[in-house]
Amino acid sequence: MKISNILICAIVSILVASCTKKISATKSKEAIPQAEQVSLLKEQTEANNPYVVAAKNQLLQFIGSKNFDNYITKHGILNCESDNNQSSCVLSFYLNEYYKLNYNMELKKVIEEKQAQLNIELSKISATESNIKNYCQSSADFIAAIYTKDTAKINQYFQPKFKMSAQDILSLQTKISKDNYSQFLIEENPSILQEIKVDYVEKCLNNPKDNIINYFNIFR
C-alpha cells in the first residue's frame, strides 16, 4: 500500500473516531433527565461561589422550593450548560429572573392601588337626573359638532365643558371619522343630523354612563 493511501486511511479513521465520540457524548448528555441536568448545573456553579448561592436563594424566596426547579428549567437555565463560564451565566440568570419577578410584583401592586383609589372615587359619583339630561343633550351636540367639523365650538366650548384633553378630543374625532355611513347621510341630507342627535339622546338616557362623553370625570 502506498504511503499516501496509508495517510488517507489514518485521517479517515481519526475523523470517524472523533465523530463517533461526539455523537456518543451528545447521546449521553441527552439521555440524562432534565432534572438531573439542572441539579448537576446548580451543584457545579454553586461550588465555592457565594454570589451564585445568594442569587439563587433570593430567587428561591420568590418562587418557593416546591416549584423552583420547574420554574428555572422552564425559563432556560439549561442554556447555561453550553456557556464557557457557567457560573457567570447562572448568576446572571438568577438575577434577571429575580428582578423581573420583583418588577412585575411592584407593577401589579401599583395597578391594584390605583384601581382601589379609582373605585373609591367612582363610588362618590352621584349624578342628578337633571345633570344626566343636560349632559346627554350636550353629548349629542358634541357628537354633531364633530360630524360637522365645527373645530371652534369643539375647542372653545365642548372641550372645557367635558373636561377633556386635546388627546381625548383627537381620539373621539378619530373614532367618529370611521363612521363613513353617517357622514355620507349627513352630506346627502344635512337634516339627518338632527335625527342622529335625537337617537343619541334617547340611547344616552337609557345608559348615561356609556354615552355621556367623559362621564366619570365630569361627575367626579
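Which residues does serine 138 touch, not counting residues up to four places away in sequence? Keep that question open while the whole chain is on screen; the tour returns to it at the third stop.

**Stop 1: the whole chain**

Show the protein chain as a cartoon. This is a predicted model. Read along the sequence, the pattern is α-α-α-α-α-α-α-α-α-α-α-α.

Of the 220 residues, 29% count as buried. Among contacts with a separation of 6 or more, 68% are between residues 24 or more positions apart.

**Stop 2: the disulfides**

Hide the surface and select the cysteines. A search of the whole structure finds 2 disulfides. With bonded cysteines counted along the chain, they follow the pattern 1-2, 3-4.

Select cysteine 80 and cysteine 89, which are joined by a disulfide with an S to S distance of 2.0 Å. Both cysteine 80 and cysteine 89 are buried. The torsion about their S-S bond is about -75°, so this disulfide is left-handed.

Next select cysteine 136 and cysteine 204. Their sulfur atoms are 2.1 Å apart and form a disulfide. Cysteine 136 lies in helix H6 and cysteine 204 in helix H10, so the pair ties together parts that are 68 residues apart in sequence. The torsion about the S-S bond of cysteine 136 and cysteine 204 is about -80°, and this disulfide is therefore left-handed. Cysteine 136 is buried, with a relative accessible area of 0%. For cysteine 204 the relative accessible area is 0%, and it is buried.

**Stop 3: along helix H6**

Stay on helix H6, residues 129-147, and select serine 138, which is found there. Here is the reply to the opening question: serine 138 touches Phe158, Lys161 and Phe162, with residues up to four places away in sequence left out. Serine 138 has 6% relative accessibility; because buried means under 20%, it counts as buried.

Move along H6 to alanine 145, which lies in this helix. Alanine 145 counts as buried at 5% relative accessibility. Leaving aside neighbours within four places in sequence, its contacts are Asp150, Ile154 and Phe158. To check a distance in the viewer, pick the C-alpha atoms of alanine 145 and phenylalanine 158: they are separated by 9.1 Å and are 13 residues apart along the chain.

**Stop 4: the loop between H7 and H8**

Select lysine 163, in the loop between H7 and H8. Its phi is near 55°, a positive value in a residue other than glycine.

Then select methionine 164. This residue lies in the loop between helix H7 (151-161) and helix H8 (166-177). Is methionine 164 buried or exposed? With a relative accessible area of 10%, methionine 164 is buried. Show its surroundings: not counting residues up to four places away in sequence, methionine 164 touches Phe142, Gln159, Ile169, Leu172, Ile213 and Asn214.

**Stop 5: the largest pocket**

Bring up the pocket display if the viewer has one. The largest pocket has a volume of about 380 Å³. It is lined by 15 residues, and those closest to its centre are Ile143, Leu172, Lys175, Ile176 and Tyr200. Select these five to find the place. The elements that give two or more residues to the lining are H6, H8, helix H10 (192-206) and helix H11 (208-211). Colour the lining by residue class: it divides into 8 nonpolar, 2 polar and 5 charged residues.

**Stop 6: asparagine 48**

Finish at asparagine 48, in the loop between helix H2 (34-46) and helix H3 (50-63). Phi of asparagine 48 is near 55°, a positive value in a residue other than glycine. At 82% relative accessibility, asparagine 48 counts as exposed.

Definitions and conventions: Residues numbered from 1 in each chain as written. Predicted model: local features only at pLDDT ≥ 70, side-chain atom pairs only at ≥ 80, totals over all residues. Heavy atoms only, no water. Helix = DSSP H or I, 4+ residues; strand = E, 2+ residues; numbered from the N terminus. Buried < 20%, exposed > 50% of the residue type's maximum accessible area, 1.4 Å probe, protein only. Contact = heavy atoms within 4.5 Å. 1 Å grid on protein atoms, 1.4 Å probe; cavity = no way out; pocket = protein on both sides within 12 Å on 5 of 7 lines; lining within 4 Å. Points joined across faces, edges and corners; volume = space filled by probe spheres on them. Nonpolar A, V, L, I, M, F, W, Y, C, P; charged D, E, K, R; others polar. Disulfide = S-S within 2.5 Å.
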